[in-house]
Amino acid sequence: MTFSLPDLPYAYDALAPLMSAKTLEYHHDKHHAGYVATLNKLIAGTEWEGKSLEDIVTASFGKDASVFNNAAQDYNHTLFWEWMKPGGGGLMPTRLEERIVEDLGL
């Protein structure tokens, strides 16, 4: 199985002003794409080739750091794009905000 960069489920400028179009385009088209390309190179002709992304992440943990890192980053970024949405977010839950300020002093 060869992995490919998923399309964004929204336009590059859809998350502005929290994330600029330029930032989102770079993060998706360069950063995430790099993990996908590297993963495909690393798994070609190996035991990982033909497995699902989830199976590679699980099976490579502790065995092949490069494969694990690139597979996990691909998986993480794919979820990242889905979790964010235009007009999403809202206020942080009060208890969470209190803990962040308490722990990090922000």
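This is a predicted model: local features need pLDDT of at least 70, side-chain atom pairs count only at pLDDT 80 or more; totals for chains, interfaces and linings use all residues.
1. Packing of H1 against H3. Two packed helices are described by the angle between their axes and the distance between the axes. Helix H1 spans residues 21–43, and its axis comes within 9 Å of that of H3, the two crossing at roughly 145°. The crossing of this pair is left-handed.

2. Residues between H1 and H3. On the H1 side, the contact includes Leu24, His27, His28, His31, His32, Tyr35 and Val36, together with Thr38, Leu39, Leu42 and Ile43. H3 contributes Ser66, Val67, Asn69, Asn70, Ala71, Gln73, Asp74, His77, Thr78, Phe80 and Trp81. Sorted by class, the contact of H1 with H3 comprises 10 nonpolar, 11 polar and one charged residues.

3. Packing of H2 against H3. Helix H2 covers residues 53–60 and helix H3 covers residues 65–83; their axes lie 9 Å apart, at an angle of about 140°. H2 is therefore oblique to H3. Here too the crossing is described by its hand: H2 passes H3 in a left-handed sense.

4. Residues between H2 and H3. Leu53, Glu54, Ile56, Val57 and Ser60 of H2 meet Val67, Phe68, Ala71, Ala72, Asp74 and Tyr75 of H3. Eight residues of this contact are nonpolar, one is polar and two are charged.

5. A cis peptide bond. Most peptide bonds are trans. The bond from alanine 16 to proline 17, however, is cis, with omega near 10°. Proline 17 belongs to the segment before H1.

6. The largest pocket. The volume of the largest pocket is about 190 Å³. Its lining includes Ala14, Leu15, Ala16, Pro17, Leu18 and Met19, and also Met84, Lys85, Gly87, Gly88, Gly89 and Gly90. Ala16 and Pro17, both among these lining residues, are the two residues joined by the cis bond. By class, seven lining residues of the largest pocket are nonpolar, four are polar and one is charged.

Notes: Residues are numbered from 1 along each chain as its sequence is written. Side-chain values use heavy atoms; hydrogens and water are left out. Axes are lines fitted to C-alpha atoms, for helices over the stretch in contact, and angles run from 0 to 180 degrees between N-to-C directions. Helices (H or I, at least four residues) and strands (E, at least two) are DSSP runs, numbered from the N terminus. Angles under 35 degrees count as roughly parallel, over 145 as roughly antiparallel, 65 to 115 as roughly perpendicular and the rest as oblique. A crossing is left-handed if the near helix is turned anticlockwise from the far one by less than a right angle, and right-handed if clockwise. Contact means heavy atoms within 4.5 Å. Ala, Val, Leu, Ile, Met, Phe, Trp, Tyr, Cys and Pro count as nonpolar, Asp, Glu, Lys and Arg as charged, and the others, Gly among them, as polar. On a 1 Å grid over the protein atoms alone, a cavity is a set of points where a 1.4 Å probe fits but cannot get out, and a pocket is an open set with protein on both sides within 12 Å along at least five of seven lines; lining residues have an atom within 4 Å of a point. Grid points are joined across faces, edges and corners, and a volume is the space filled by probe spheres set on the points.
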